[in-house]
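Subject: Structure handover

Hello,

Here is the structure we talked about. Please open it first, then read the notes below.

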Amino acid sequence: MKHRKQLKEASRIVEKYCIIKGEKFRLKDYDPADTNGVKSKQHAENILERRIGLLSDMQEKLYAQDRWALLLIFQAMDAAGKDGAIKHVMSGVNPQGCDVHAFKAPSNEELDHDYLWRTHKCIPSRGKIGIFNRSYYEEVLVVRVHTTFLRAQKLPDDLISKHIWDQRFEDINAFERYLTRNGVVVRKFFLHVSRKEQKKRFLERLEDSKKNWKFSMADVQERAFWKDYQGAYEEMIQRTATKHAPWYVIPADNKWFTRLAVASAIIEALNGLNLAFPDVDKAKKKELEAVRASLLAQKD
Ligand code: ATP
Ligand code: MG
């Protein structure tokens, strides 16, 4: 097992951020600046390069085997680094085996359907890795913080009660269990950035002309609801962290550490699937040998 050491190290790096049972989860117990013993950016980048190599090998097998699918969900406050994490971690993966979907405020057509509709259509097919940049979890985050969004969903009045968030947690858990039972492995990432670091990143977007395009007024407005969002994230994790679909609460104040931790978690998820190139049976091998001989016998 030539990758055994790397797999063990990957497990060690993410273990403490993995939540499989939410009851006792408290966001305040997780430090956004933690780097779990990794001392420098340079060191993290060196390890990340090896992780990306391994991830690429594993993805090839996932694709060839065509049995499992992997769904990676990313949620975070603005400027926590979702886009950068996705870009770096997936940089070694064959684009044909990977789909990324971003979920923004729902369109009119989407509002005419149940809230899982738009995401269910994008669940990765067998052999593929699907990435959700935001997801149905917005339904218990932004929609919970701003209940005007809930009113815009055109639900019949009778169905909106004080139990609606409990019902959403229950339905999301059931949906993820259903996916799991169908061979879709679900892993969820909350990139946990501090309020102070978010301010710093917003200021960079305002001050650096190359980053101006990333600045959005809406992001600063949402910052005013910081406490509400932190509360909503905490409860979301408490209610939807499960063994089959765990949440990873990834420290996001150092982007280099975020990327390393996310890559490590993905490797760990794939490692649990016993991936291997499909076996070719005896008859098929004989057939391949015959074709090879015939090709070799040709003049050019
Ligand atoms: P980036 O800013 O990096 O391009 P982003 O994911 O922040 O990426 P934006 O277009 O800035 O993209 O924001 C998308 C917005 O859509 C977010 O504020 C998010 O909360 C909102 N959104 C997503 N899903 C829903 C939903 N179901 N109802 C209402 N708003 C939603
Ligand atoms: Mg944004």
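A residue counts as near a molecule if one of its heavy atoms lies within 4 Å of it. Keep in mind that this is a predicted model.

Ligand site

By that cut-off, 14 residues surround ligand 1. The closest are Lys104, Ala105, Arg134, Glu138 and Glu139.

- Glu138: a polar side-chain atom is 2.9 Å from an oxygen atom of ligand 1.
- Glu139: a polar side-chain atom is 3.0 Å from a nitrogen atom of ligand 1.
- Ala105: here a polar backbone atom lies 3.1 Å from an oxygen atom of ligand 1.

How much of ligand 1 does the protein bury? Taken alone, ligand 1 exposes 640 Å². The protein buries 75% of that.

The largest pocket is the space that ligand 1 takes. Two elements each give two or more residues to the shell around the ligand: helix 3 (82–89) and helix 6 (142–145). Sorted by class, the shell holds 8 charged and 6 nonpolar residues. It has no polar ones.

Backbone

Arg134 sits in the loop between strand 4 (129–133) and helix 6. Helix 6 is one of the elements named above for the ligand shell.

Asn274 also has a positive phi without being a glycine. The value is near 50 degrees. Asn274 belongs to the loop between helix 12 and helix 13 (282–297).

Aromatic pairs

How many aromatic pairs are there? The count comes to 10. One of them is Tyr17 with Phe257, an edge-to-face pair. The centres are 6.0 Å apart and the planes make an angle of 75 degrees.

Best regards

Definitions and conventions:
Residues are numbered from 1 along each chain as its sequence is written. Chains are lettered from A and ligands numbered from 1 in the order in which they are written. This is a predicted model: local features need pLDDT of at least 70, side-chain atom pairs count only at pLDDT 80 or more; totals for chains, interfaces and linings use all residues. Side-chain values use heavy atoms; hydrogens and water are left out. A polar contact is a pair of N or O atoms within 3.5 Å; within protein, one must be able to donate a hydrogen and the other to accept it, and residues adjacent in sequence count only if both atoms are side-chain atoms. Accessible areas come from the Shrake-Rupley method with a 1.4 Å probe; for residues, only the protein chains shown count as cover. On a 1 Å grid over the protein atoms alone, a cavity is a set of points where a 1.4 Å probe fits but cannot get out, and a pocket is an open set with protein on both sides within 12 Å along at least five of seven lines; lining residues have an atom within 4 Å of a point. A molecule sits in a cavity or pocket if more than half of its atoms lie within 2 Å of its grid points. Helices (H or I, at least four residues) and strands (E, at least two) are DSSP runs, numbered from the N terminus. Ala, Val, Leu, Ile, Met, Phe, Trp, Tyr, Cys and Pro count as nonpolar, Asp, Glu, Lys and Arg as charged, and the others, Gly among them, as polar. Rings of Phe, Tyr and Trp (its six-membered ring) pair if their centres lie within 6.5 Å; planes under 30 degrees apart count as stacked, over 60 as edge-to-face and the rest as tilted.
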